[in-house]
Amino acid sequence: MGTPVFEGVFFDLDGTLADTAPDLVAAANRLLIANQRAPMAYEVLRPMASAGARGLIQKSFGIDPDHPEFISLRDRFLNFYEEALLVHSKLYEGMEALLQELDEQKIPWGIVTNKQQRFTQPLTEQMGLLKRAHCVVSGDTTPHSKPHPEPILHAARLAKVDPKRAIYIGDDIRDIVSGKAAGMQTAAALYGYCGCEEPPHAWGADYLIHRPQDLRQILFAN
């Protein structure tokens with residue numbers, strides 16, 4: 001067992017800690033069908049999963065949040081998603097072993113997501129993460145959401161960790177911007193959705209990881 005490098009480890013949820021795209025895409029396709037449109041291929045919609053309802057509706061319907069129909073489509077999408085939160089979603093391969101090692105070494109870890117608590121709490125509870133994590137900060141826990149640093153700073157306060165001695169891992173440029181602004185080191189999860197226009201190597205992350213197992217080399221010094 002290696003020596004911990006950081007005093008705290010914080011994860012984005014969708015596309016970083018867990019692969020939730022199958023259920024998010026299913027909700028988007030259910031919405032398309034309900035509006036007499038053909039469902040879209042999983043591979044087309046998957047990159048937008050980290051952007052949640054906004055990104056999936058933009059991709060599915062080709063409309064921006066200022067479109068008059070956006071709000072009603074978003075609300076219906078969220079209702080569909082809430083009905084089937086954990087059908088195919090699961091932790092990424094290798095993530096459970098990493099979390100177990102963090103638990104064994106008594107290193108605080110937490111989740112910071114832009115997903116609303118309405119979905120985050122039941123999802124993390126059903127996945128067995130809610131009681132294990134030192135904190136779960138949702139998109140509506142604080143007055144701000146990522147890329148603002150406050151959600152990550154709030155998580156650090158809850159976990160009683162100095163941000164300068166912690167790391168934040170995410171699969172979107174917002175995660176890296178937020179983590180850096182909070183004073184943490186950051187890792188970009190290339191195995192995630194990475195749906196923004198900027199390529200991950202341009203995000204300014206301290207580390208690029210291709211699979212969850214790569215995190216161990218960063219988090220522990222052998």
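Student: In this predicted model, how many disulfides does the count come to?

Tutor: A disulfide requires two cysteine sulfur atoms within 2.5 Å. C194 takes part in none, as its nearest cysteine sulfur, that of C196, is 7.1 Å away. C196 is likewise in no disulfide, with the sulfur of C194 as its nearest at 7.1 Å. By this rule the number of disulfides is zero.

Student: Is C194 buried or exposed?

Tutor: The term buried applies under 20% relative accessible area. C194 has a relative accessible area of 19%. The residue is therefore classed as buried.

Student: Which class of aromatic pair do F77 and Y81 form?

Tutor: F77 and Y81 are four residues apart in helix α4 (residues 70-83), and are thus separated by about one helical turn. Their ring centres lie 6.4 Å apart, with the planes at 10 degrees. Planes under 30 degrees apart count as stacked, so the pair is stacked.

Student: Which aromatic cluster includes Y81?

Tutor: Y81 also pairs with F119, at 5.7 Å centre to centre and 45 degrees between the planes, a tilted arrangement. This pair links distant parts of the chain, with Y81 in helix α4 and F119 in helix α6 (residues 117-126), 38 residues apart. Y81 is buried at 2% relative accessibility, and F119 is buried at 3%. The cluster consists of F77, Y81 and F119.

How values were computed
Residues numbered from 1 in each chain as written. Predicted model: local features only at pLDDT ≥ 70, side-chain atom pairs only at ≥ 80, totals over all residues. Heavy atoms only, no water. Buried < 20%, exposed > 50% of the residue type's maximum accessible area, 1.4 Å probe, protein only. Phe/Tyr/Trp six-rings, centres within 6.5 Å; stacked < 30°, edge-to-face > 60°. Helix = DSSP H or I, 4+ residues; strand = E, 2+ residues; numbered from the N terminus.
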